[in-house]
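Subject: Structure for your review

Dear colleague,

Please find the structure below, handed over for your own work. My findings follow it.

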There are 4 protein chains.
Amino acid sequence: MATDDYRPDTRRLAALSDGVFAIAITILVLSIDLPSGSDAGPVTVEMVAREWRDAVSYVLSFLVVGNFWTEHRHVFDHATHHTRDVEWLNILFLMAIAFLPFPTSLLGDYGGLVPVVFYAAVMTTTGLLLYALWWVVARNEAFFEEELAPERVRYDRLRFLLYPSVFGVSIPVALFVSLDLVYVCWGSLFVLTPLLQRRLLADGGETLPGGR
Amino acid sequence: MATDDYRPDTRRLAALSDGVFAIAITILVLSIDLPSGSDAGPVTVEMVAREWRDAVSYVLSFLVVGNFWTEHRHVFDHATHHTRDVEWLNILFLMAIAFLPFPTSLLGDYGGLVPVVFYAAVMTTTGLLLYALWWVVARNEAFFEEELAPERVRYDRLRFLLYPSVFGVSIPVALFVSLDLVYVCWGSLFVLTPLLQRRLLADGGETLPGGR
Amino acid sequence: MATDDYRPDTRRLAALSDGVFAIAITILVLSIDLPSGSDAGPVTVEMVAREWRDAVSYVLSFLVVGNFWTEHRHVFDHATHHTRDVEWLNILFLMAIAFLPFPTSLLGDYGGLVPVVFYAAVMTTTGLLLYALWWVVARNEAFFEEELAPERVRYDRLRFLLYPSVFGVSIPVALFVSLDLVYVCWGSLFVLTPLLQRRLLADGGETLPGGR
Amino acid sequence: MATDDYRPDTRRLAALSDGVFAIAITILVLSIDLPSGSDAGPVTVEMVAREWRDAVSYVLSFLVVGNFWTEHRHVFDHATHHTRDVEWLNILFLMAIAFLPFPTSLLGDYGGLVPVVFYAAVMTTTGLLLYALWWVVARNEAFFEEELAPERVRYDRLRFLLYPSVFGVSIPVALFVSLDLVYVCWGSLFVLTPLLQRRLLADGGETLPGGR
């Protein structure tokens with residue numbers, strides 16, 4: 001569109017995003033409760049261990065957000081400018097990231113069907129917003145200083161769909177199959193991510209112009 | 001004024017501002033309460049749904065702050081230097097931004113006339129501070145490397161007045177007309193903002209020097 | 001010292017400091033309590049107004065920290081490198097800044113002699129640390145690309161001593177004279193700061209090399 | 001590995017890390033409780049003094065994290081690019097940093113054997129992760145624009161092992177010797193760190209290429 005010349009550079013957008021990422025992952029720790037019954041004697045190992053569910057959801061959310069961060073950086077690695085659409089899509093994505101401490105607390109404090117499904121639904125939405133962000137940026141050639149190769153785009157699509165797909169699939173698994181299997185689904189991400197990346201490397205998907 | 005040569009560049013000012021924005025929008029999530037009555041059995045859908053008011057005020061505040069952020073960035077996009085006045089006006093503006101989690105909590109937890117009016121008053125003040133910041137920067141030619149066109153300034157004025165006007169108008173609406181209409185007022189912002197921007201584009205208001 | 005070549009540039013030091021400043025001023029808002037007695041009917045104007053003491057200490061701390069931020073930036077404006085001493089002094093200073101939400105909460109929630117003296121003592125310490133930081137940086141010519149004029153150093157000394165002096169003097173005032181007078185002392189800062197700066201401008205203290 | 005050309009620059013990695021560091025050290029203050037029994041009269045000196053344990057663990061954690069920050073910056077000072085391994089190791093390290101407010105709260109609120117050992121164990125782990133990060137970056141010549149001297153690497157190894165060693169040794173000390181001695185161990189860090197750095201300087205360990 002010839003009249004839309006609004007293309008600020010991406011530095012402050014990256015700064016705001018890094019800030020929200022950093023804060024969201026750091027306040028996750030506030031969701032871990034201090035042992036209760038503390039006035040009634042010294043803290044025991046059992047009292048700390050009882051917080052294991054909080055610890056698991058802390059680690060899980062931290063790693064998932066860590067992954068979203070690397071992917072978000074990937075989106076803006078080559079893009080030097082952006083449009084208003086990208087800006088607002090990014091704000092929606094950050095709204096989802098900033099919201100994550102809530103489902104993490106819910107999952108860590110209570111567990112059970114509703115918190116698991118709610119957590120998976122929020123993660124699926126967040127992943128889809130990031131996918132949309134990538135798609136809007138990637139298809140817009142004007143953002144880039146050099147062209148993206150078609151294979152590169154194909155690989156990236158797979159990569160950005162991995163997280164929302166796995167979290168999306170885990171919702172019916174939770175509802176109709178088993179809650180334990182959900183954790184297997186989510187854990188599989190930490191096996192699938194490096195596998196997919198190794199595959200990309202082997203195929204040369206990451207040796208394209210721009211070095212990434 | 002010839003003797004006032006204090007014109008530090010705007011990078012650390014932008015860094016502090018982005019930090020405050022990022023933290024203010026991220027700690028908004030702390031205003032969403034965990035479901036109560038949690039020890040008495042599993043979490044139900046109703047218990048999560050009961051937090052809808054918190055969720056609405058979270059989304060509303062996030063989008064409004066997101067808008068303030070894009071506008072704030074707009075103010076400093078072309079300005080490469082600033083003065084002490086700008087610095088202190090910016091600190092006052094950040095004080096208002098950092099304060100927003102409080103009225104958001106109040107609105108989300110209680111609703112009712114006082115929280116609604118209080119929220120609208122805080123947002124009006126925040127918007128007026130941003131307008132003042134824009135005005136002080138825009139009229140000061142020394143901040144810019146290239147001159148701003150008069151039409152550009154006229155459009156910007158409209159844009160920076162939109163938020164404080166709508167929130168300001170919503171105060172008498174809340175007091176004398178109806179609380180439900182207030183939400184319509186506020187929601188109208190998310191229709192008016194893109195409309196105004198489209199209009200600006202059509203008129204060429206954004207194709208002025210500087211590309212924004 | 002010829003063997004100490006450790007002079008990293010100041011960018012990440014500034015980034016960490018801006019982060020701590022931004023977070024410290026933003027979590028000040030968490031010290032403002034939501035109105036209590038909320039389940040017993042709608043929120044009234046009186047319930048919000050009862051939080052005035054919290055609001056006053058929020059505004060006071062925000063403006064004082066805002067001033068510390070502008071002064072901190074001033075310290076590192078011309079310094080392009082730093083040493084380990086500067087690094088650790090800066091970490092001590094940031095420790096004081098990060099601590100401020102605690103005395104602010106104490107002052108806002110309780111008031112009275114002990115919180116007032118404690119608040120003044122913390123602010124005095126913070127101001128003295130900043131003064132020490134300025135002094136270590138300013139006397140070390142190697143940090144600067146251009147020499148600092150002696151008058152400039154003299155003016156800066158006054159400026160950096162203003163805050164710790166006023167807060168230091170307010171301690172005996174609180175103990176031996178009157179608590180109300182303390183607030184007058186503190187409020188005087190917001191009159192003295194612009195006066196001092198105007199004086200500096202008139203004397204040309206800010207037109208020295210470097211433009212600040 | 002010839003096919004792995006993924007070497008983004010380290011700026012956003014540094015920005016995210018500085019953000020997490022800044023937030024983690026700033027929310028440490030939230031672990032200091034307000035005096036209780038506040039409604040029953042004015043705040044007394046004893047009520048503030050009773051929080052000394054919180055204050056000690058605040059200062060200790062702040063200084064340890066401050067040290068981790070200077071070391072983390074040291075790791076990336078010369079490295080201009082990084083790989084996926086470095087990225088994920090850094091995310092694990094940040095997870096440990098972001099977690100520190102929890103053991104700090106536990107130590108400050110309760111004290112006793114379990115919190116002391118838990119605190120030491122978390123600090124040991126964090127230190128080892130930073131050591132691993134340093135090791136992965138330092139052995140990879142491709143990250144650097146100029147080669148690192150072998151003596152430099154030897155000195156750095158000592159330096160990065162200091163913190164995990166002292167915290168690691170304090171665990172059996174706590175379990176089998178005495179809890180008081182643990183605090184002596186930890187306090188020794190603030191004597192050993194400057195001594196070690198002086199030694200390095202005397203040996204010229206810091207005058208190697210790169211000026212650090």
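**Annotated spans in chain A**

In this predicted model, residues 12-32 of chain A have their end C-alpha atoms 32 Å apart, and the span is 76% helix and 0% strand. For residues 116-137 of chain A the end C-alpha atoms also lie 32 Å apart, with the span 100% helix and 0% strand.

**Nonpolar surface patch**

On the surface, Leu113(A), Leu175(A), Phe176(A), Val177(A), Leu181(A) and Val184(A) form a nonpolar patch, with about 610 Å² of accessible area together. Helix 7 (150-177) and helix 8 (179-202) of chain A each contribute at least two of the patch residues. Helix 7 of chain A has the largest share, three residues, and Val177(A) lies in this helix.

**Cavities**

The count of cavities of 30 Å³ or more is 17. The largest cavity holds about 100 Å³ of space. Its lining comprises 14 residues, and Asn67(D), Glu71(D), Arg159(D), Phe160(D) and Tyr163(D) lie nearest its centre. Two or more lining residues come from each of helix 3 (52-78), helix 6 (113-139), helix 7 (150-177) and helix 8 (179-202) of chain D. Helix 7 of chain D gives the most to this lining, with five residues. By residue class, the lining of the largest cavity consists of eight nonpolar, four polar and two charged residues.

Yours sincerely

Key
Residues numbered from 1 in each chain as written. Chains lettered and ligands numbered in written order. Predicted model: local features only at pLDDT ≥ 70, side-chain atom pairs only at ≥ 80, totals over all residues. Heavy atoms only, no water. 1 Å grid on protein atoms, 1.4 Å probe; cavity = no way out; pocket = protein on both sides within 12 Å on 5 of 7 lines; lining within 4 Å. Points joined across faces, edges and corners; volume = space filled by probe spheres on them. Helix = DSSP H or I, 4+ residues; strand = E, 2+ residues; numbered from the N terminus. Nonpolar A, V, L, I, M, F, W, Y, C, P; charged D, E, K, R; others polar. Patch = residues over 30% accessible without salt bridge, like charges linked within 9 Å, V, L, I, M, F, W, Y side chains within 5 Å. Areas by Shrake-Rupley, 256 points an atom, 1.4 Å probe, with all protein chains shown as cover. Salt bridge = Lys/Arg side-chain N within 4 Å of Asp/Glu carboxyl O.
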